[in-house]
Amino acid sequence: MIRLVAGFVLAQAIFIAGVLALRAPSGALVPDPDPSASWEPRVPVRNAWTHVIIHHSASGTGSAAQFDREHRAKGWDSLGYHFVIGNGSLTEDGRVEAGSRWLDQADGAHAKPEWNARAVGVCLVGNFETADPTPAQLRSLEHLCRWLGSRCGIPPANFVGHGGTHGNATLCPGKRLDLELLRRNLASPR
Ligand SMILES: [Zn+2]
């Protein structure tokens, strides 16, 4: 009996240690299974990517499929962003969807023309002028940005908001998305 109880306690301890091991020091939790396998492009990664430009959708709901329809209605050939991070409206909260422009390593259509060939476009669903991003979106954003940083050799300082790119006058991605904090987190090892 004692041996059984000891075995149970040991199994619990191993389980808890396993859960803790997944937690980064910042409190971020890498989902298991790690979704980054689905972000791998179908062609070699371009070495021209120098920046990541972060957007909000300025809408309460959205998904890659929804924005793809909206962008095609504007006459573009497909979703303008490379990635979309859901908020639980049309896809699950924090779900990262890789668009065809990323998978095919094509120019984006999300910023001024001079940026679209060298900046990866990431859009979080939500309006961050009026509402906060969800905790799951923030965890996914950091996870995706760390992955992009190491995959493309992009330094933390080059993860910028749409409004921060030269020549753009836009509130995007909203004052409630703390990009300073994101850059600080990216600069510290996990
Ligand atoms: Zn934007």
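## Q105 and its loop

Q105 is partly exposed, because 16 other C-beta atoms lie within 10 Å. By definition, a residue is buried if 20 or more other C-beta atoms lie within 10 Å of its own, exposed if 12 or fewer, and partly exposed in between, with C-beta atoms placed from the backbone. Q105 lies in the loop between α3 (100–103) and α4 (113–116). Helices (H or I, at least four residues) and strands (E, at least two) are DSSP runs, numbered from the N terminus. The phi of Q105 is near 55°, a positive value in a residue other than glycine.

This is a predicted model, in which local features need pLDDT of at least 70 and side-chain atom pairs count only at pLDDT 80 or more, while totals for chains, interfaces and linings use all residues. Residues are numbered from 1 along each chain as its sequence is written.

## Other backbone features

Most residues other than glycine have a negative phi, and most peptide bonds are trans. A58, in the loop between β1 and α2, has a positive phi near 60°. A58 counts as partly exposed, because it has 18 C-beta neighbours inside 10 Å.

The peptide bond from C172 to P173 is cis, with omega near 10°. P173 belongs to the loop between β5 and α6.

## The sheet

An open sheet is formed by 5 strands in the order β3-β2-β4-β1-β5, with mixed pairing. Two strands pair if DSSP finds at least two bridges between them. Strands β3 (96–98) and β5 stand at the edges with a single partner strand each, so one side of each has no neighbour in the sheet. Neighbouring strands are turned by 25° against each other on average, direction ignored; the axes behind such angles are lines fitted to C-alpha atoms, for helices over the stretch in contact, and angles run from 0 to 180 degrees between N-to-C directions.

Strand β4 pairs with β1 in the parallel sense over 6 bridges, and 3 bridges join β4 to β2, also in parallel. H51 has A119 of β4 as its bridge partner. C123 in β4 stands opposite H55 and also opposite V84. Because 6 of the 6 residues of β4 are buried, this strand is largely enclosed by the rest of the structure. Both of its faces are covered, with A119, G121 and C123 on one side and V120, V122 and L124 on the other.

## The nonpolar core

In soluble globular proteins, nonpolar side chains tend to be buried together. A nonpolar core is a set of buried Ala, Val, Leu, Ile, Met, Phe, Trp, Tyr and Cys residues joined through C-beta atoms within 7 Å. The largest one here has 30 residues, and V52, F83, V84, I85, V122 and C145 have the most contacts inside it. Among the elements that give two or more residues to this core are β1 (51–56), β4 (119–124) and α5 (135–152).

Leaving aside neighbours within four places in sequence, F83 is in contact (C-beta atoms, placed from the backbone, within 7 Å) with V96, E97, A98, G99, W102, V122 and L144.

## Helix α5

The 18 residues of α5 should span 26 Å at 1.5 Å a residue, and the end C-alpha atoms are 25 Å apart, which agrees. The expected span is 1.5 Å times one less than the number of residues. Buried residues of α5 include L141, L144, C145 and L148, and the buried residues of this helix pack against β1, β2, β3, β4, β5 and α6.

R151 is found in α5 and is partly exposed, with 15 other C-beta atoms within 10 Å. Just after the helix, G153 takes a positive phi of about 65°.

Terms used. Contact = placed C-beta atoms within 7 Å.
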